[in-house]
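Hello,

My notes on it follow.

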Amino acid sequence: MKYSNTCPKCASTEILKIPGRIASNGGTNFIVLGFLKYAKVTRYVCENCGYSEEWIDRKSDIEALKRKFGRKDKEK
Ligand SMILES: [Zn+2]
């Protein structure tokens, strides 16, 4: 959906992009990385059937997630 702009479930091309942000009044979507550090998660929602996908858009956030949640046995 992020790249094709087409819903994989119903083939609709009406896709909402909901940016990840850190707020206390709704629309919040993020993963906690550490003290005051977050990875923002962007949601893509099909307007027709409601199917949704979530993407970490920033490459640096993906690297931080790998450091925090990656398999420990890789580091040996
Ligand atoms: Zn759909």
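How many C-beta neighbours does alanine 11 have inside 10 Å, and does that make alanine 11 buried or exposed? Alanine 11 has 10 C-beta neighbours inside 10 Å, so it counts as exposed. The cut-offs behind these words are as follows: a residue is buried if 20 or more other C-beta atoms lie within 10 Å of its own, exposed if 12 or fewer, and partly exposed in between, with C-beta atoms placed from the backbone.

Two remarks on the source come next. This is a predicted model, in which local features need pLDDT of at least 70 and side-chain atom pairs count only at pLDDT 80 or more, while totals for chains, interfaces and linings use all residues. Residues are numbered from 1 along each chain as its sequence is written.

Overall layout

The chain has one helix and four strands. Read from the N terminus, the order of the elements is β-β-β-β-α. Helices (H or I, at least four residues) and strands (E, at least two) are DSSP runs, numbered from the N terminus. Of the 76 residues in the chain, 7% count as buried. Two residues are in contact if their C-beta atoms, placed from the backbone, lie within 7 Å. Among the contacts in the chain with a separation of 6 or more, 43% come from residues 24 or more positions apart.

Strand pairing

Two strands pair if DSSP finds at least two bridges between them. Strand S3 covers residues 37-46 and strand S4 covers residues 52-56; the two run antiparallel and are joined by five bridges. Within this pairing, valine 45 has serine 52 in S4 as its bridge partner, and arginine 43 stands opposite glutamate 54 in S4. The hairpin of S3 and S4 has five residues between the strands, and glycine 50 there takes a positive phi near 90 degrees.

S3 also pairs with S1 in the antiparallel sense, over four bridges. Here the bridge partner of lysine 17 is tyrosine 44 in S3. S2 and S3 are likewise antiparallel, with four bridges, and glycine 34 stands opposite lysine 37 in S3.

Residues to look at

Leucine 36 sits in the loop between strand S2 (30-34) and S3. The hairpin of S2 and S3 has two residues between the strands. Phi of leucine 36 is near 60 degrees, which is a positive value in a residue other than glycine. Why does leucine 36 count as exposed? Leucine 36 is exposed because it has 7 other C-beta atoms within 10 Å.

Alanine 11 belongs to the segment before strand S1 (15-18). Its phi is near 70 degrees, again a positive value in a residue other than glycine.

Where does phenylalanine 69 lie? Phenylalanine 69 lies in helix H1, which spans residues 59-69. With 10 other C-beta atoms within 10 Å, phenylalanine 69 is exposed. The C-alpha atoms of phenylalanine 69 and leucine 33 are 9.1 Å apart, and the two residues are separated by 36 residues along the chain.

Regards
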